[in-house]
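Here are my notes on the pockets and on one helix pair. Please read them with the model open.

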Amino acid sequence: EDKVVEAAVPEGSRFKGYEPFLVQDLVISVTATRYQRERWVTPDGRTVLAPLPDGIDCHFGPELRRFVLMHYHQGQSTLPRIAAFLRSLGVAISKRQLQRLLTDQQETFVAEAQDVLRAGLEMGPYVSVDDTGARHAGKNGYCTQIGNDWFTWFGTRTFKSRLNFLELLRAGHTDYVLNDAAYAYMRKHALSAPLIASLAAQPQTKFADQKTWQAHLDRLGFTKLNVTPDPVRVATEAALWGSVRSHKFLCDGVVLSDDAGQFNVGHHALCWVHAERLVHKLDTFTDAHRAAQATVRGLIWDFYSDLKVYRLKPRPRRVAALRKKFDRIFLRRTGFVTLDRLLKRLHANKAELLMVLDRPATPLHTNASERDIRCYVTRRKVSAGTRSDVGRDCRDAFLGLAKTCAKLGIEVWDYLGSRLKVVGSAVVQPLDVYVRGRFRPA
């Protein structure tokens, strides 16, 4: 609004217009609405009750629910502080009622987060992954982050393993599939040829859930074998990978990680920052050791700069030269035995460190994952862990959705208003539609 502020001036003064001074303020008010719903009895004895307005499905309105979700998940506030603030405004609400606003009837948000993950896995040229410790139901667990430039998703589970990661990559599907991708996985991980042949000889290739898959392995005698590698584990990982590929996830996408073993699936790329950190943290004991370490670190960062230039402007003619330069750096002999062993180990990861040469869309580091997972770490510090599976799923879903909104340039306030049907709120389409639109060619 515009307000005119009058000045006290002496007689004969000349008016020279206005000097604007803009003030922003916030209006916070509490309303309580009693809906008198008409009740009618029809001639045939049925009772008709007038429906509540759109967006009203509990004793707290959509605007209040939006406020609670926004401040708890994006604002990283605590439940007692939100309750104290609302009570100070005159809202009659208990901490238990507030907890229900955070977890009850949130299935649509959890499902939308799952749809976002599916869109990212199906359309994205890469996903960057990381994990961190999590506390759930009084036990230590792990939260896995999956994301890229346009989406973020979190999933908390009890264990950290490749089986767990592959289950997360199924994005909510529960099936196990034996297909070409599954058999290739088995061969890559040294499952014996007779066992692979026994699986391939069976007519059934799709299994609805873990129970039916386990029963299939029991019939074939896999569970009775005591050999290395564990045939049950390798076959199960392969069937999970087959499920991932059957749903068109990561068909041509790259998995970028910090070299944690559980993430080494499909087209795998490694983070250069984590690789160089091994050299940086190497213990040195003499001036010669320190000089060799400094020289190698300088060569690595110079090569990293070359890769950054190539990623921005890929030139096929540069690929061979960059591969040879990589060999010169990581096959050199410095005289520092420990450093030489480390360089040899890093050279064994040549294909994963140089994935950017074949797929320039792949980043050179996992900094984005580190940034994404920071909000989860903050939530863990503020509120410790979760107790129920519903609370865990809601926390993971809302943190991921908030991060996804930020990457897509959508205000979380508008997103929640659209989903909760707040009157006058902007209309926000399902987030997976925006994610798919970012990756779809123009």
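**Pockets and a helix pair**

1. Helix H1 (62-74) and helix H2 (79-89) each supply at least two residues of the lining of the largest pocket. H1 gives the most, with 5 residues. Helices here are DSSP runs (H or I, at least four residues), numbered from the N terminus.

2. This is a predicted model: local features need pLDDT of at least 70, side-chain atom pairs count only at pLDDT 80 or more, and totals for chains, interfaces and linings use all residues. Residues are numbered from 1 along each chain as its sequence is written, and side-chain values use heavy atoms, without hydrogens and water.

3. The largest pocket holds about 1100 Å³ of space. Its lining has 33 residues, and Thr 31, Phe 60, Gly 61, Glu 63 and Leu 64 are the closest to its centre. A pocket is an open set of points on a 1 Å grid over the protein atoms alone, where a 1.4 Å probe fits, with protein on both sides within 12 Å along at least five of seven lines; lining residues have an atom within 4 Å of a point. The volume is the space filled by probe spheres set on the points, which are joined across faces, edges and corners.

4. The second largest pocket has about 750 Å³ of space. It is lined by 20 residues; Lys 3, Val 4, Val 5, Tyr 18 and Glu 19 lie nearest its centre.

5. H10 (residues 272-280) and H13 (residues 337-347) pack with their axes 10 Å apart, at an angle of about 165°. Axes are lines fitted to C-alpha atoms over the stretch in contact, and angles run from 0 to 180 degrees between N-to-C directions. H10 is therefore roughly antiparallel to H13 (an angle over 145 degrees). Ala 275, Leu 278 and Val 279 of H10 meet Leu 339, Leu 342, Arg 345 and Leu 346 of H13 in the contact (heavy atoms within 4.5 Å).

Note on methods
Parallel < 35°, antiparallel > 145°, perpendicular 65-115°, else oblique.
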